[in-house]
Amino acid sequence: MIELSRDITFGQYINNGSQVARMDPRTKLLCAVLLIILFSFLSSFIAFFVCLLFCALLQWNSRIPTGYVLRSFKPFLGFLVFIFCIEVLFYTSATQNKTLLWHWAFLNVSWEGIIRSAMTIVRVLFLYYITSMLLFATSLVDLTDGMEALLSPLQKIGIPANAFVMVLVIAFKFVPIFVTEVERLMKAQAARGVRFDQGNFIQRTMKIAPLLVPLFISGFKRAETLSVAMEARCYGGRPGWRRSKRRQLNFDRYDALVLGLTLALCLITVVINFVSPV
Amino acid sequence: MLFEMKNVYHTYMRGTPFAVDSLRGLSLSIPQGQTTALVGPTKAGKSTIVDMLAGLIKPASGTLLFEGDDVFASSFDIERIRSSVGVVFQSPEAQIFEETVGKDVSFGPRRKKVPLAESRRLVKESLEAVGLDYEDFRSRYTYALSGGQKRRVAIAGVLALQPRVIIFDEPSAGLDPRGRRELLELITRLKQQQNLSIVYVSSGLDDVIGLADTIYVLDRGRLAFQGTPREILAHASELAALDIALPEAAQIAVALRDTLPNIRTDVLNLNELEAEIIRVEGGTGGIPLSGSGVSPEIL
């Protein structure tokens, strides 16, 4: 059966009025960036356990159904398993000091390899979680405002931050549109006898290929319409023009609390990481 | 019965914060060889029904019978529906996906591995059935066609599959009055010539009043009421409450209610409206209309 949009939930804002959703987008972005750096840096399971507690708190505060967030991991799991296997099989350590569990030709399974690969997977899961959480809890308008505010210093040295932000936002916005488009095309083809649910992996992939041409054409058409619509509303304007903001961002106590907690988390986990590096 | 829906429920994005109830306990039946219209405002669940009848989505609960067999039972071969039901979707742009008209119309036959000569004959017949010249149109690019032509090509693509039922999902949306009239004529002609069953989905009654044998009026995933076009028009005020546009003649009849309280709203066309006005006016002595200086002939 053809219902794609149910499985692809990445990046859809859920407006439930929770405290997390109402936070200042600048704080959210800042915290997200800090956490992304943190997750990329950590290499201790204990430290990640502390992060898990933080995420649980965040999850509880956001009032987004946990099952829903977890389900968005699903399309991704096969890929993770693949990465895990490759990493384990081709693990090489600098010191060559490995506990071999299994060995065949150039493929090795070592205890260290398994631990290192598990760490990679945990890291990827955390990174995915924090980015999808940011998008679940932040509306597109907020996201743009926040990014513009944070990147505006770059404007001074001649980098067009605003334009970059706009490009990014449009890209995000197009994801659900493309999903609906693919769904429509798949339905049209299914109604004319294509069976997307039959055949092996290669046959199924071949069936997707004919969707690409119409998808690209409609994508370009949309982009063209959008650019005309933006120009019609004076986007860009002249050098020296600045867009004013209808809504002012304000940093309140809850923001300070969250930022404080995030910084505390960074500090604690980094210390844990130094004390017990695995 | 061709199709029978019994107590069908459906929810989009089930289990997510975006869940939307689309059908809520809908039951209806679509007979063979007739034109059945599904009419309702937005969010009435019309497109969901279309997808379900085409075997593209599965109801959350309830049953859908195709010629007496449960469509979503494991023993049912979905190919049976796919080969006998053709769908003309809401926007023809989404339906046409090949570069040229000929390739697009022949998509179905090629999928079915129909021999080349046979496929060519089907394409020719289908294009001619929708009033497009085969030699002229077969090598044209689909993206350069006009709105009305695209719709015709989409219909031809469905006809090439030789279906027994065609579902039209708001086919006249976005067409100019002439294109719309031609489309309705085409559908009537196809039904007679090819002996098809037609399911016509529309948001207004204008298209279907002269076309349908039975009309189902839907509201928020439930059946509001059903009947022949005449029976449906008798519910003028309920239709207005659902924001369903009435056909021109019925609209005038409703507007005349202030002056002619006894006027019936179930008039199918302007001739019937005229007869009704004369009848009512004759009955009440003709005071209101001629009093206001309007003669029925002008109407």
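What you are looking at is a predicted model, in which local features need pLDDT of at least 70 and side-chain atom pairs count only at pLDDT 80 or more, while totals for chains, interfaces and linings use all residues. Residues are numbered from 1 along each chain as its sequence is written, and chains are lettered from A and ligands numbered from 1 in the order in which they are written.

Now step back to the sheet around these strands. In chain B, 6 strands make an open, mixed sheet in the order E6-E7-E8-E3-E9-E10, where two strands pair if DSSP finds at least two bridges between them. At its edges lie strand E6 (85–88) and strand E10 (222–227) of chain B, each pairing on one side only.

Next, visit chain A. The 17 residues of helix H2 (residues 25–41) should span 24 Å at 1.5 Å a residue, and the end C-alpha atoms are 24 Å apart, which agrees; the expected span is 1.5 Å times one less than the number of residues.

Finally, the two chains meet: 23 residues of chain B are in contact with 25 residues of chain A, contact meaning C-beta atoms, placed from the backbone, within 7 Å. On the chain B side, H5(B) gives the most, with 3 residues.

Terms used. Helix = DSSP H or I, 4+ residues; strand = E, 2+ residues; numbered from the N terminus.
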